[in-house]
Amino acid sequence: MNYKETIEYLFNVAPLFQNIGQGAYKEGLSNTHVLDEHFGHPHRAYRTIHVAGTNGKGSCSHTLAAILQSAGYKVGLYTSPHLIDFRERIRVNGEMISEQRVIDFVEQERSFFETLYPSFFELATALAFLYFKEQNVDVAIIEVGLGGRLDCTNIIQPDLSVITNISFDHTQFLGSTLAEIAAEKAGIIKAGVPVVIGETNGHKEVKEVFLHKALSVNTSIFFADEIDEVEECHILPTGERQYETRHFGTIIGQLGGDCQEFNTATILNAVQVLRHSNASFQASTFQYSITDEHIKEGFASVCEKTGLMGRWQHISEDPLTICDTGHNTGGLQYISHQLNNLPHRHLHMVIGMVGDKDVRGSLSLLPNDEQTTYYFTQASVKRAMPAETICQIGTELGMNGQPFANVKEAYEKAKENAQSDDIIYIGGSTFIVADFLTHKLG
């Protein structure tokens, strides 16, 4: 098989959550343990940092990887989902796994894993863990796929756990209350492994879940939103963010979304914990040596160092065109606020969502006035809500818009209508951004 055939095989033999949703979700770690045993527990060959959360875990994972790369470490990075190419999920120092290695993995191991009926994510995780061992990485940043407690990444014994925040998403799996969702994500907290919590948003019940879990396993817990590491933040004319911090001086962050202020506080607290945890690694030859300059370099060049895309990404300046993967109420509230505060004559919104999200609640957060036009569309995945359906919901909410069969058509129409002092925004779903970037860059 060539690479394209190999990926199509994986999509067909193992259910892919981003395509079909709930039918691809496999609760429990039985397959994960079988795969891990088969490959000789490869994740034990290098150090790891585990990152969970409803929103921001991708940005935090990539930025932590960029900081560690700046510090001279060989860094594995495992994230999901991908936007254009499956290989985006598995990187070493920003370089994607080779097509040939993916082909070889499937050809050499399919006779073993086909009998397990694994999920796509279980196979991807097994490949990532194995590849990082083969590449002899120093440390790997491992992003949780869904939840935490039963996520197949949760077999690692990391040096640090990070939980960015808690909001409503994947409620059919994780629970219908914030406390229930927090309990699932708290499942990555392990004995003796310090944990940094990014935001609790003032929800006492969420904080209590994390405190109880940390106490039950006798580990240290840090709440970034109570430490006030970021003292001031503003947007530069370049679209970057400038942070004035308590311990690190001035930091210029390449990622320009409003949510990055909270992600930055989480990341800086995580780095502080790594620095101060070196004493617990005395039995090892590995020590985290991260200077302030390494931190600044990582923040300033995260996209180049790690290949991150789709986070308040500027595509064009005339007209200003932005895409963002924010896809739930927790993320879209930041996006809406930021769009409303950008100077513009008219706002053109290319929007689509998947049917298992709170579509009405999400749309109600977005700009809705006479200066905003919607181009409702659908991504090329089975979970996508039909454009006509989301358009109908938008119309019921008083939004001005019409449906388009695909992202390319919606974007091209928005581009045709937009003037130089307008803004075009593409988002609502990770998969809308994926289709858009495939159209623009693929």
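**View 1. The lining of the second largest cavity has five nonpolar, six polar and no charged residues.** Here Ala, Val, Leu, Ile, Met, Phe, Trp, Tyr, Cys and Pro count as nonpolar, Asp, Glu, Lys and Arg as charged, and the others, Gly among them, as polar. This is a predicted model, where local features need pLDDT of at least 70 and side-chain atom pairs pLDDT 80 or more, while totals for chains, interfaces and linings use all residues. Residues are numbered from 1 along each chain as its sequence is written, and side-chain values use heavy atoms, leaving out hydrogens and water. The space inside comes to about 60 Å³. Among the lining residues are Thr 63, Tyr 243, Gln 254 and Phe 299.

**View 2. The largest cavity holds about 80 Å³ of space.** A cavity is a set of points on a 1 Å grid over the protein atoms alone where a 1.4 Å probe fits but cannot get out, and lining residues have an atom within 4 Å of a point. Volume is the space filled by probe spheres set on the points, which are joined across faces, edges and corners. Helix α6 gives the most to this lining, with four residues. Both α3 (30–38) and α6 (120–134) supply at least two. Seven of the lining residues are nonpolar, two polar and two charged.

**View 3. Phe 11 and Phe 120 form a tilted ring pair.** Rings of Phe, Tyr and Trp (its six-membered ring) pair if their centres lie within 6.5 Å, and planes under 30 degrees apart count as stacked, over 60 as edge-to-face and the rest as tilted. These two have centres 5.3 Å apart and planes at 45 degrees. Phe 11 sits in helix α1 (residues 3–13) and Phe 120 in helix α6, so the pair ties together parts 109 residues apart in sequence. Phe 86 joins them in a cluster linked by ring pairs.

View 4. Beyond residues up to four places away in sequence, Thr 48 touches several others, including Val 139, Ile 156 and Leu 160 (contact means heavy atoms within 4.5 Å).

How values were computed:
On a 1 Å grid over the protein atoms alone, a cavity is a set of points where a 1.4 Å probe fits but cannot get out, and a pocket is an open set with protein on both sides within 12 Å along at least five of seven lines; lining residues have an atom within 4 Å of a point.
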